[in-house]
Amino acid sequence: MRTPSSIAVLVASLAQAHAQYLVNDLSFGFGNRIAPEGSSTVPNFSLQGRPNVPELLSNKVILTPPAPGNQRGAIWGDRSLPHQNWIADVEFRANGQERGGGNLNIWLARDGAHSIGSGSIYTVGRFEGLALVIDQHGGSGGMIRGFLNDGTTDFKSHHTPDNLAFGHCQFSYRNLGRPSQIKMRHSETNFRVEVDSRLCFESDRIRLPSGYSFGVTAASADNPDSFEVFKLVVLSEDNHHAQQQDNAAGQGYTADDKQQQQQQQQQSPPPPKVPRMTFGRSGQIEDPFDTVIPDQEAAKISNQKAQFEDLHNRLQSVNHHLSSIFRAVAQVNSVGEQRQEELSIMLGELKGLVAPARTLEARLDALDARLAGLEKETRALRGDLAARLRDSENAIKYHVSDQHDTLASHVTATAPRHTRLILVVVGSQLLLAAAYVYYKRRKSSPKKYL
């Protein structure tokens, strides 16, 4: 799938003052299809993966699938870059869950298919060349960083490989719904990295020698990101490659003849399968580097030539078995490297989670200090209020106690006396009795008539 913007940028690059020539042997994805129909490989490139080989579709290579996680994938060029002035254009897309993780590495390294394989910048060890790493470094929304190595620094055993980056820029690449473009420009005076047609970083102190090969690797975490590569196009100002193609055409070997030859090779019957030796407890492990050597009786080996051939074949079988053991040990080592990279990714995500936690912890500490101050002020206010209440109570008691002392004498002095009341009652009764006696005498006295 090609976006109009990427096609326009590619056409603009081709139309610059210095003509750019497509290096066909180092590029894929510049046509309608990445690989011929029915082919499981990319011409001039090799696919690597662990535990599964990347999936090849008509317009993209899926280095790491959406599920399951902990996958590795790589695509490496079979031929090296012979030019000094070149442009490399890579289009990829990353999709995943909200908290998905993984990284994409773009390499220009010496013998990268064997020295790097499907590794990343955290598991590569010593390498010679350039690496661009796209990941969520430090819990950021996305970042692209550049690394250089002349083969003396072991990135795998380095305690802080992130500090070895010579350039970086922020790059939000996840779940965009479209391919992202990374373009590298190298000349005799400058090295420049552009992201979606904008400058990421550049330097005039970087000179990369020829003879390196391009490659793209990806690794996913437990919550995986799916990395898809749509194209890797290499352009150069040197037209030597185009002249070689013209010479090949003049000799009668055209692209159509090459395609026809490939079709004939695909249609030709495959060679008979040679039986392979199985070993192990269950006998289900196949050794692809050794053929079956049947046991023979000693009587059948009658001359020195047959004896030498039998001894030679069996020494080769032992050598192949030793190679299988070495490969098994290397595979175990690669699994350990993968676990180490996963741990590094998880530690990076953990750092991203710890930073907000530290901010929250600082805010909680500030809130705790404010609550402690408020509690202290509340206690001081409570003590002040209690002291004021005690002072008011003492003042009231002082004023009321004086009134209590004089209240009894004052009531006694102002209360009416009972003696007077009794005398008044008795006197009034005596007066009424005397009046009644007088009235009776007056009524019973003799009347005088005239």
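In the predicted model, Ser-180 lies in strand β11, which covers residues 180-186; helices (H or I, at least four residues) and strands (E, at least two) are DSSP runs, numbered from the N terminus. At 1% relative accessibility, Ser-180 counts as buried, where buried means under 20% relative accessible area, exposed over 50% and partly exposed in between (1.4 Å probe, protein chains only). Apart from its neighbours within four places in sequence, Ser-180 is in contact (heavy atoms within 4.5 Å) with Val-90, Glu-91, Phe-92, Phe-171, Tyr-173 and Asp-196.

Residues are numbered from 1 along each chain as its sequence is written, and side-chain values use heavy atoms, with hydrogens and water left out. Because the model is predicted, local features need pLDDT of at least 70 and side-chain atom pairs count only at pLDDT 80 or more, whereas totals for chains, interfaces and linings use all residues. The pLDDT, the predictor's confidence in each residue from 0 to 100, averages 81 over the protein chain, and 80% of the residues score at least 70. Over residues 245-262 the pLDDT is below 50, and this stretch has six contacts in the model beyond near neighbours in sequence; over residues 264-291 the pLDDT is also below 50, with 37 such contacts.

Strand β5 (residues 72-77) is largely enclosed by the rest of the structure, because six of its six residues are buried. Arg-72, Ala-74 and Trp-76 point one way from β5, while Gly-73, Ile-75 and Gly-77 point the other way. Strand β2 (residues 45-50) runs antiparallel to β5 and is joined to it by six bridges, pairing being assigned if DSSP finds at least two bridges between two strands; here Gly-49 stands opposite Gly-73. Strand β14 (residues 213-220) also pairs with β5 in the antiparallel sense, over five bridges, and Val-216 is the bridge partner of Ile-75.

The count of salt bridges, each a side-chain nitrogen of Lys or Arg within 4 Å of a carboxyl oxygen of Asp or Glu, comes to 21. One of them joins Asp-25 to Arg-79, with the closest N and O atoms 2.6 Å apart; Asp-25 lies in the loop between β1 and β2 and Arg-79 in the loop between β5 and β6, so the pair ties together parts that are 54 residues apart in sequence. Asp-25 is buried, at 16% relative accessible area, whereas Arg-79 is partly exposed at 43%.
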